[in-house]
Amino acid sequence: TGVDGRDDVVSHALAREEELRVETLRSEGCAIALVSGHAEIFGSELARGQSVKIGGGKKVAVFTFHGATIEITGKVEIAYVAGETPMVSYANAHAVLNAKRERAGAAGSSEEGPRVMCVGPTDVGKSTVCSILCNYAARSGQAPLYVDLDLGQGALTVPGTICAAPVDAQIDLEEGIPLEMPLVYFYGDLTVNNPEYYKHIVTRLGALLDERSKANDDARAAGCVVNTMGWIDGMGLELLLHAREALKIDHVLVIGQERLYGQLQQKLAGTDCQVFRMQKSGGVVERTQEFRRATRDRMFKEYFYGPTGELAPASQTAYFSQISLYRIGGGPRAPASALPIGQTASTDPMRIAPVVPSTSLLHSVLAVSHGKTQGDLLNSNVAGFIYITEVDMIQKKFTYLSPCPGELPSNVLLVGNLKWLGLDN
Ligand code: ADP
């Protein structure tokens, strides 16, 4: 029998370099246990005899370099063994990056460690490759910074942000990347309608990477692993190239698209950045719009309620007079195609506009800025997020959820276009 004495257990024998691909049901998760041998999920090693819970709607692969027996407890959508995976090439990429980390970490060295960026269309496994590379680095005693520039399906905190967090131990399969000290910038939307402001916060993040690297030799040597959006044409490509420069990326890994690989090779010729082509895993599953929306809802839920629902967020109230609300860029600009020929949108992309409280804020996720004054807002990262559950226009107050009880760290809040329908949804 398997976990908790259950009898719905299926055992799978994996030969060397094979992986077991598991898609859980939308409605319920499963438990995965390593019975013998060695195996890992996206670079996180499984401990023998211990089972990990995989939540409903998730898709994972249990890979083994040398062979393993795996048990799955619970009903799943599908579980099958695949013999062809790009895992060995990912491990080779790690070896190249780690050699650079070791050189940079040698006594007396002032070299920078590798700064890696994974790029490619959506659903090619970019964030998975970032996790694998961070896990391999952590397992070899390094603590690279995981940087997520993907607004829509970011792996670290709520959608609509860009952020960075050090990975100093392999990523916990149930809890995700620990976020004690994440560095978060609020963009406030799931797609980039305001490229100037997006570039601005990426540039700020880049400056902080440099400061961190100057202040701490281990951080300098460990470098960073950057996940990006799947937007690779036109402005999307321009944003990738901008991020490449702003974050001083020296290794770009292009996953699953020869055209983008060719374009980047041309654009980056003559720089000291190397472009590599990586194979896409056959296990990566394309996600529907609906699935993406559900993943985003889960990210919001996990932020307020904890990855396993263990937090009880505090419901609090604040009078309109106690807080200041601002929006950056004065709302989404009309796309150029919607304007008469020859005209450009008149909104200043970096304008900081005060927001008058109204019922339209209901169900919004707002960011609590570290900025003290209106002028600071463009350059400040955020302390966290609150979720508006009620707007009382008569008594002029909000009710909101916050993951931490007590007073907000600041009364300056940023408004974007992030809405979450909450737990009932
Ligand atoms: P991207 O970042 O390019 O959009 P992801 O890394 O998020 O893509 O991968 C898409 C989905 O495929 C995720 O749900 C991920 O867990 C899943 N996935 C990735 N690699 C595998 C694999 N080898 N086997 C099964 N599922 C996988």
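A polar contact is a pair of N or O atoms within 3.5 Å; within protein, one of the two must be able to donate a hydrogen and the other to accept it, and residues adjacent in sequence count only if both atoms are side-chain atoms. The structure is a predicted model, in which local features need pLDDT of at least 70 and side-chain atom pairs count only at pLDDT 80 or more, while totals for chains, interfaces and linings use all residues. Residues are numbered from 1 along each chain as its sequence is written, and side-chain values use heavy atoms, with hydrogens and water left out.

We begin with serine 44, which lies in strand S5 (residues 44-45); strands (E, at least two residues) and helices (H or I, at least four) are DSSP runs, numbered from the N terminus. Serine 44 has a relative accessible area of 2% and is therefore buried, a word that stands for under 20% with a 1.4 Å probe and protein chains only. Its side chain makes a polar contact of 3.1 Å with the side chain of asparagine 135, and the side chain of serine 44 also reaches the backbone oxygen of isoleucine 171 at 2.7 Å.

Oxygen atoms of the ligand lie 3.0 Å from a backbone N or O atom of valine 124, 2.9 Å from a polar backbone atom of glycine 125 and 3.4 Å from a backbone N or O atom of valine 285. On its own the ligand has 570 Å² of accessible area (Shrake-Rupley method, 1.4 Å probe), and the protein covers 91% of this area.

Within H5, Gly236, Leu237, Leu239, Leu240, Ala243, Arg244 and Ala246 are buried, and the buried residues of the helix pack (heavy atoms within 4.5 Å) against strand S10 (115-119), helix H3 (195-215), strand S15 (251-255) and helix H6 (258-267). Just after H5, lysine 248 takes a positive phi of about 50°.

Definitions and conventions. Buried < 20%, exposed > 50% of the residue type's maximum accessible area, 1.4 Å probe, protein only.
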